[in-house]
Amino acid sequence: MHTVHALAVPVRLLILDVDGVLTDGQLYFTPAGEEIKAFNTLDGHGLKMLQKSGVALAIITGRASGATEHRARALGIDHLYMGSEGKRAAFADLLARTGLDAAACAYVGDDVVDLPVMRQVGFAVAVPAAPDIVRSHAHYVTGRHGGHGAVREVCELIMQAQGTLDAALAPYLED
């Protein structure tokens with residue numbers, strides 16, 4: 001865990017995939033063809049705490065979705081790349097826009113399309129359901145599954161490594 005914490009200390013930007021990371025990976029459609037996604041509230045609160053600690057957030061996803069756009073807006077995620085089948089180009093644009101180095105970024109992914117970015121960032125994370133090849137390129141594999149608190153786990157891990165978790169939790173522990 002010491003090595004994982006050392007990799008999390010310099011993180012200034014957490015980048016997330018959506019399907020299989022912020023959701024459980026299942027796709028739901030209404031009879032009219034509208035896509036519906038379920039997002040975990042624990043992940044959402046973790047992301048808000050992480051933002052308050054000074055870490056920026058981004059989403060790079062291969063699917064364009066109104067639900068994803070709505071969730072990103074609700075969480076205050078400024079950097080949203082949808083329909084990014086070539087995630088490498090979106091990542092390069094994100095680095096240019098933020099002025100950050102890849103080593104200051106963490107990425108959470110669940111499939112082979114995430115590997116081009118995972119292989120560049122300073123802290124690569126996979127969820128347990130990711131294929132073996134993806135998990136083998138991750139510095140850390142979450143204990144929780146995508147859509148079931150995996151992102152919250154990563155947020156708290158980064159905050160713990162950076163020494164900001166206790167301050168974020170303190171207001172909830174006051175008498």
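Predicted model: local features only at pLDDT ≥ 70, side-chain atom pairs only at ≥ 80, totals over all residues.
A polar contact here is a pair of N or O atoms within 3.5 Å, where one must be able to donate a hydrogen and the other to accept it.

An unreviewed UniProt entry lists Asp17 and Asp110 under "binding site".

Let's take Asp17 to begin with. You will find Asp17 in the loop that runs between strand S1 (13-16) and strand S2 (28-29). Its relative accessible area is 5%, and because buried means under 20%, Asp17 counts as buried. Setting aside residues up to four places away in sequence, Asp17 touches Leu22, Ile60, Thr61, Lys87, Tyr107, Val108, Gly109, Asp110 and Asp114. One of these partners, Lys87, brings us back to the opening definition: the side chains of Asp17 and Lys87 are joined by a polar contact of 3.0 Å.

Now turn to Asp110. This residue sits in the loop between strand S6 (105-109) and helix H5 (115-118). Is Asp110 buried or exposed? With a relative accessibility of 16%, Asp110 is buried. Beyond its neighbours within four places in sequence, Asp110 is in contact with Asp17, Asp19, Gly20 and Val21, and also with Val127, Ala130, Pro131 and Val134.

Methods. Residues numbered from 1 in each chain as written. Heavy atoms only, no water. UniProt positions renumbered as here; feature names shortened; annotations may be inferred. Helix = DSSP H or I, 4+ residues; strand = E, 2+ residues; numbered from the N terminus. Buried < 20%, exposed > 50% of the residue type's maximum accessible area, 1.4 Å probe, protein only. Contact = heavy atoms within 4.5 Å.
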